[in-house]
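Q: Please take a close look at the strand sheet of this model, and at the helices described along with it. A connected account would be welcome.

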Amino acid sequence: GKTLKAIDEMLARLQTDYIDLLYVHQPVGDFVGAWKDVEKAVAMGKVRALGISNFDANDEVFNKIMSESTVKPAVLQIECHPYAQRLAMREKVKPYGIHITCWFPLGGAMSNGALLKDPTIMKIAESHGKTAAQVILRWHIQEGFSVIPGATNPDYIEENIRIFDFELTDGEMAQIGSLNMEYRVLGLSGLRVSAVGLGCMGMSHAYGAPADKEKMTELLADAVEMGYAFFDTAEMYGTSDRPHDNEELLGKALQRFRDRVVIATKFGISFDSPEAGDTHTVIPDSRPVTIRCSVEGSLRRLRTDRIDLYYQHRIDPEVEPEEVACVMADLIREGKILHWGISEATEEYLRRAHKVCPVTAVQNRYSMMARRHEELFPVLEELGIGFVAFSPLANGLLTDCYTADTTFDPATDYRASMPQF
């Protein structure tokens, strides 16, 4: 009833008898029920064709629509540009002949103008005597998309249409294709992150002496411009004299990019003797009063009014998961955190916590050398929880950067005592 009423109101505002293409905007709520209502509008002649918008490849509701609907979607509208090429979703709709229309074709919230200044794009534009925007839009056209760049400036509107008098070569298309940064939605939470994030611990903690702050600030800015949009830190990443150094570094470096990035930090542990060298015994502490103190400190150091993803760093055997989850629910209601997760979670703890306050992500050690957490994957799938792998390169062992002769300073580098090294 509400959907059909809304369509009648649209027709009145548009002063027309029918809508050529009606999108159902987001795959949330009773999407299947809403789809059945818009199918009625098609049967009544009020709508000519239907489309879907903002779907990801892991949205199960897409499969339901394709299997249960009588009117199939003709168009998928998604954010898509060279930095976010949405390859998985494109492959998913291809067998159904669904056309793709791209919004934010010149780069969206995760790009913020960087795409238009990308050196690869600019070089190609110069060779054709075109602007960067025209090259990007031409890339979309040659990929088979239609595009809807927003513009209110008459010059930009004219510029955007002047893209049919040149063609990008196969080599240029490949160069632009190489700029892609894939994105993921963590479980069913709606939290969208770059598929490759940046773990920032080693800038301040555990992998030798802290790196130069000025260089790391530049590095973090460069990472954002490359397409990184998921940054991981913790309140305990630091040194004995600056125990929260990493959060302070990120807070300063990412402040001007705050609306373009997802910041994850962690609470719930301290070290027995932080002033000593080598690895430390971890002391878990997830008491509500400790969490409250931790979140305020992290917000202050990160120079932000909210934490996008707040992990419990390690399980505290002295505090029930339900008690921790209740605090998380309160912090979400207060707007201090947007999502929460658990690092090194077990199935029992995860299930109990999730019942009280839905968990967005589990962050566990996972690499080609450390795969014991795979037994948790079916549980995550069942509960709709994302998985974030830390140490995916086994603390660097899986790279070609170290040999049998490599040594690490036991006073500043945890790898000096790691068995694999």
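A: What follows starts with the sheet and then turns to the helices and one further residue. The model is predicted, so to speak of local features a pLDDT of at least 70 is needed, and side-chain atom pairs count only at pLDDT 80 or more, while totals for chains, interfaces and linings use all residues. Residues are numbered from 1 along each chain as its sequence is written, and side-chain values use heavy atoms, with hydrogens and water left out.

The sheet is open and has five strands in the order β1-β2-β3-β4-β5, with parallel pairing. At its edges stand β1 and β5 (146-147), each with a single partner strand, so one side of each is left without a neighbour in the sheet. Helices (H or I, at least four residues) and strands (E, at least two) are DSSP runs, numbered from the N terminus, and two strands pair if DSSP finds at least two bridges between them.

Strand β1 (residues 19-24) pairs with β2 in the parallel sense over five bridges, and L21 stands opposite A49 in β2. On to the next pairing: β2 and strand β3 (residues 75-79) are parallel and share three bridges, with V75 in β3 as the bridge partner of G51. Strand β2 (residues 47-53) is largely enclosed by the rest of the structure, because five of its seven residues are buried; buried means under 20% relative accessible area, exposed over 50%, and partly exposed in between, with a 1.4 Å probe and protein chains only. Strand β4 (residues 99-103) runs parallel to β5 and is joined to β5 by two bridges, and T101 has S146 in β5 as its bridge partner.

Two helices lie across β1 and β2. Helix α1 (residues 2-14) runs at about 135° to β1, whereas α2 runs at about 160° to β2. Axes here are lines fitted to C-alpha atoms, for helices over the stretch in contact, and angles run from 0 to 180 degrees between N-to-C directions. Helix α2 (residues 31-43) also forms a right-handed β-α-β unit together with β1 and β2; a crossover is right-handed if, with the strands pointing away from the viewer, the path from the first strand over the helix to the second runs clockwise.

Angles under 35 degrees count as roughly parallel, over 145 as roughly antiparallel, 65 to 115 as roughly perpendicular and the rest as oblique. In this pair T120, I121, I124, S127 and H128 of α5 meet E172, Q175 and I176 of α8, where contact means heavy atoms within 4.5 Å.

Helix α9 (residues 213-226) packs against helix α10 (residues 245-254) at an angle of about 55°, with the axes 9 Å apart, and α9 and α10 are therefore oblique to each other. Residues K213, M216, T217, L220 and V224 of α9 meet D245, L249, L250, A253 and L254 of α10.

F377 is found in helix α14 (residues 377-383) and counts as partly exposed because its relative accessibility is 28%. Leaving aside neighbours within four places in sequence, F377 is in contact with Y366 and F387.
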